Amino acid sequence: MKRNSIGRELPDGYRPYGEEHPAAASQRIAMKPTPTAPIFLTSLSDVFSALELRDGMTFSFHHHLRDGDFVANLVMAEADRRGLRDLTIAPSSLFPCHKPLVPLIERGVITGIVTNYMNGPVADAVSAGKLQKPAIMDTHGGRARAIEAGDLSIDVAFLAVPTVDRRGNGTGRVGKSACGVLGYADPDLHYAKKVVFVTDEIVERVDHPDLDGNFVDYVVLIPSIGDRAGIVSGTTRITREPVGLKIARDAAALIDAAGLLKEGFSMQTGAGGTSLAVVADIRRIMVERGLHARFASGGITAQYVEMLEAGLVGSLRDVQDFDLDAVASLTRNPQHEAITAAQYGSPDFRPAPVVAGLDFVVLGATEIDLDFNVNVTTDSEGRIIGGSGGHADTAHGAKVSVVVTNLVKARLPIVMEKVTCVTTPGSDVDVLVTERGIAVNPKRADLLDRLRGSGLNVVPIRALMELAHTITGVPVRPRPSGRIVALVRYRDGSILDVVSSK
Amino acid sequence: MRTTLLFIPGNHPAMLQNADVFGADGLILDLEDAVAATEKDAARILVGEYLKSWKLETPELLVRVNGLPSGWLESDLEAIACDRLSAIVYPKAGVEELYEVDRILSEIEKKHRLSHPIGIIPIIESAQGVVETDDISYLPRLKGMLLGGEDLTADMEIGRTREGAELAYPRARLAFACKAAGIDAIDTPFADVHDTEGLLADARTARSLGFTGKAAIHPNQLLTIRTAFRPDPKDILWARRVMAAAQDAAKKHQGAFSLDGKMIDKPVVKRAEGILSRAGVQDGAIPHETK
């Protein structure tokens, strides 16, 4: 066991976060275009017969259908029927809809998971130690890097594609299961050894494909790839909850006082109710002052589409769509640009990923500690309830990263000495906004200077923790001490932390 | 100054926990209408413990108690009596009842050895209460009067409208009585928590009639109420100029003087002082917009 630079104990055999390492591995050469046109089949069973599949392989999936995805479950059920075992799955995220994978984990069909986010029964099974190998929790940008660098080698990418044409070109913009941008599928398309498009709609021609048919080996037509209503999972409405609204108002005031709202700025926010309220407040300030943003990026919601169409935002750099309004906007707004996962957040993307051009990002937190390390991977008992997604990518890339959270949630203080699990290192987190005060990372002396005299309630982060303790008392935090069930991999491939079972 | 008083249900721990963060001038912890009969005991204990053990700084703390006819008043007062309690908010107030409440409070204060008397803010929410407004306003312990529009219109058997024309008379009556007695006039809550425009208009009406503040039933209403009661920046600028000119005139021993061609005398100077006081302007500075 050894410790990384943020003091987290890691097993041997992994590169600790913060350790000097040779320059990033050179990018792999992407798979060459397939020499022949893709083969069209009508069942997953036929695809499995056509592919030479073995135990121990890695299958990848994307999560653009979010909690409405059918494809991962169907593919893995077929793998189980064929008696395959010891498989690793590499979906960009897993949701409650993936519950059917749990028995496959229990029976050793699936023994490894590499993903950026998991929530629901699969996450519970992993937390309980049912997965044979530790899951690897990447970031959105880190997954693209890992695939391109060969850290994550994919044998077959099974990609849900809402519409495919006769040449194998694919798009998510149209079709009965349209889910919008397919940005997270791009590295899989170019680097997996075999690529299968799983679709429920085949057309003669897709005019502006998001996925190039030249890299596709098989296209399989099935009755349904998912329930597109499931892409609107999670909160996509502005909160009415008064504490959330207060935090949002204070966050917008902070962003303004920090001098970040000037003509041509760029931003990203999450899709949670408080983040959406921050955007609403920023929009109000923009309208009052006649300001325009150059771009907004990330997961796109109806709120950003409205701002684009009102001329308040120059372009949307969209890696995934969080609601059906965003999906519809893609086809009618040329300034609504689809980007790939690598373009969005990979540290190896040249000249620079989109996240590096952000003036500010607004992010959530399940826990945050006195070093500003943030946890969005586990709850306070160490049970996996999420993962980085783009959290660590944007926090690192943006000039100012702002975390918004209630100081106390469910009678637990959110600010603590040490977070249960580090998802985003404190060196990438600049400001915490809570309902009882704002804390600025001491390394951002420039921000502290700017905020002086702003009238905002800026206090040391320790004072916020003590305030929380005044309300809740000091909770006893038993740290899980069972076997390691997951590794949190930073975007550069180093290991930030581990998750252990109870 | 009690510009915003926020009602918080007394049986809701999560709301109590965050009640102090919204910037209300006072919190009315409710043991009456917001609490079902079966929840009264739990609410009484919770509010009592909050008053006695909450360690963080809070706005002024008031409790809406159950009235004498309910039979619960004395239990309520026993549970909440402490030095942190500023005043009780007394429902469906009438003169005779308030004399009795005053007597009970005196006993409670003595028994609990409180260091200061508990104030009363009666809710005027019956026709009888409106008629007795002038007499009530001079009772001991009064810190202000609160208009209760919903119960009042129910008592009058008249409809309650968004525009609130039906409240014109009781509002005027209450505002004058409070002004004469030197206590706060607090307007009735606006019931539709989603109608920000309606709330703004309603609060502006109250302000124009002489109310000093307004009760809120949801934290999201506070910003709008503060906006309505905050003097207009143009008025603040005018008041500052009046005060500067008044100082000049005083040096010249002038009782009245002219500004922009209009005569300025003592009542006008007093109005300018009031505007600056409500705006919180000190040393002639114009305050930042507060959020």
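These notebook entries record what I looked up in a structure with chains A and B.

**Entry 1. Ground rules.** I work with a predicted model, in which local features need pLDDT of at least 70, side-chain atom pairs count only at pLDDT 80 or more, and totals for chains, interfaces and linings use all residues. Residues are numbered from 1 along each chain as its sequence is written, while chains are lettered from A and ligands numbered from 1 in the order in which they are written.

**Entry 2. The sheet of chain A.** I looked up an open sheet of 10 strands in chain A, with mixed pairing and the order E3-E13-E11-E8-E4-E5-E6-E7-E27-E28. Its edge strands are E3 (39–41) and E28 (495–500), each pairing on one side only. Neighbouring strands are turned by 20 degrees against each other on average, direction ignored. I noted that strands (E, at least two residues) and helices (H or I, at least four) are DSSP runs, numbered from the N terminus. Two strands pair if DSSP finds at least two bridges between them. At one end of the order, E27 (residues 484–489) of chain A pairs with E28(A) in the antiparallel sense over five bridges. Ala486(A) has Val499(A) as its bridge partner in E28(A).

**Entry 3. Helix H2 of chain A.** I found helix H2 (residues 71–81) of chain A lying across strands E4, E5, E6, E8 and E11 of chain A, at about 170 degrees to E5(A). Axes are lines fitted to C-alpha atoms, for helices over the stretch in contact, and angles run from 0 to 180 degrees between N-to-C directions. Which residues of H2(A) are buried? They are Val71(A), Ala72(A), Leu74(A), Val75(A), Met76(A) and Ala79(A). A residue is buried if 20 or more other C-beta atoms, placed from the backbone, lie within 10 Å of its own, exposed if 12 or fewer, and partly exposed in between. Gly83(A) follows H2(A) and has a positive phi, near 80 degrees.

**Entry 4. Helices H7 and H8 of chain A.** The axes of H7 (residues 242–257) and H8 (residues 273–289) of chain A come within 8 Å and cross at roughly 45 degrees. That angle makes H7(A) oblique to H8(A); angles under 35 degrees count as roughly parallel, over 145 as roughly antiparallel, 65 to 115 as roughly perpendicular and the rest as oblique. Residues making the contact include Leu245(A) and Ala248(A) of H7(A) and Ala277(A) and Ile282(A) of H8(A). Contact here requires C-beta atoms, placed from the backbone, within 7 Å.

**Entry 5. A hairpin in chain A.** Strands E25 (residues 431–434) and E26 (residues 437–440) of chain A pair in the antiparallel sense over four bridges. A hairpin of two residues joins E25(A) to E26(A). Gly437(A) is the bridge partner of Thr434(A). In E26(A), Gly437(A) and Ala439(A) point one way, Ile438(A) and Val440(A) the other way, and all are buried.

**Entry 6. Strand E8 of chain B.** I found both faces of E8 (residues 213–216) of chain B covered: Gly213(B) and Ala215(B) are buried on one side, Lys214(B) and Ala216(B) on the other. E1 (residues 4–9) of chain B runs parallel to E8(B), joined by three bridges, and Thr4(B) stands opposite Lys214(B). E7 (residues 184–187) of chain B also pairs with E8(B) in the parallel sense, over two bridges.

**Entry 7. Between the chains.** How many residues does each chain give to the contact? Chain B gives 11 residues and chain A gives 13 residues.

Note on methods
Two residues are in contact if their C-beta atoms, placed from the backbone, lie within 7 Å.
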